[in-house]
Amino acid sequence: AEGRNFYVLQETSVINSYPNLKSSLNTIKYAYYIFEIVDALLPENEVHSDVYSLLLQILQILETHPRKIFIRAFEVKLMSYLGYLAVDPEELMSGNVSGSEFLSEASVIGLTLLQQNGWQEIEELDISEKDAKRIEQFMRFRIERESQKTIKSLDYFD
């Protein structure tokens, strides 16, 4: 309901409580991070059914397969959906994209696959630890740059 200054939630019902996601500190951190970046990047009072669908997909995936590669894929897909990131390998390798200094040729290929592939293909990807770290640094830079916020939940990651 609409209040004087903000909306008031009057009733809810739980559809899925994601018990496995809540069962470990690691997966709770992943979920908190996901919600924080969605909150930071989405403008208030705008409907984004594609982002909502993506959010439900990642929660379902993390419920059964809590892996960092899915977090990276979520970041890339979210930023792409919102128009903040167009993954063009040639442009990323040219160095003209802000934050591309974090990337190598192999990590650009990994980034492209994370954007283009479905979740099943992403699960089967073999990205080296070094390239995964480069993608993580790039995405962290881009998310904080576009949201103009420091993502605080990152302080709790290893």
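## How α1 crosses α7

A crossing is called left-handed if the near helix is turned anticlockwise from the far one by less than a right angle, and right-handed if clockwise. By that rule, α1 passes α7 in a left-handed crossing. This is a predicted model, so to speak of local features takes pLDDT of at least 70 and side-chain atom pairs count only at pLDDT 80 or more, while totals for chains, interfaces and linings use all residues. Residue numbers start from 1 along each chain as its sequence is written, and side-chain values use heavy atoms, with hydrogens and water left out.

Helix α1 covers residues 25-41 and helix α7 residues 129-147; they pack at an angle of about 40°, with their axes 9 Å apart. Helices here are DSSP runs of H or I, at least four residues, numbered from the N terminus. Axes are lines fitted to C-alpha atoms over the stretch in contact, and angles run from 0 to 180 degrees between N-to-C directions. The pair is therefore oblique, the label left over once angles under 35 degrees (roughly parallel), over 145 (roughly antiparallel) and 65 to 115 (roughly perpendicular) are taken out.

## Who touches whom

On the α1 side, Y33, I37, A40 and L41 meet I143, E146 and S147 of α7 (contact means heavy atoms within 4.5 Å). Sorted by class, that contact has 5 nonpolar, 1 polar and 1 charged residues. Nonpolar covers Ala, Val, Leu, Ile, Met, Phe, Trp, Tyr, Cys and Pro; charged covers Asp, Glu, Lys and Arg; the others, Gly among them, are polar.

## E75, tucked into α3

E75 sits in helix α3, residues 68-81. With a relative accessible area of 1%, E75 is buried (buried is under 20%, exposed over 50%, partly exposed in between, using a 1.4 Å probe and protein chains only). Setting aside neighbours within four places in sequence, E75 is in contact with Y33, I37, M139 and I143.

E75 also has a salt bridge to R72, at 2.7 Å from N to O. The rule asks for a side-chain nitrogen of Lys or Arg within 4 Å of a carboxyl oxygen of Asp or Glu. R72 and E75 are 3 residues apart in α3, about one turn of the helix, and both are buried.

How many salt bridges does the rule give? The count comes to 6. R142 and E146 form one of them, at 3.5 Å from N to O. These two are 4 residues apart in α7, so about one helical turn separates them. R142 is buried at 7% relative accessible area, whereas E146 is partly exposed at 25%.

E146 bridges to R145 too, with the closest N and O atoms 3.1 Å apart. Shared partners also join R72, E75, K133, E136 and R140 into one network of salt bridges.
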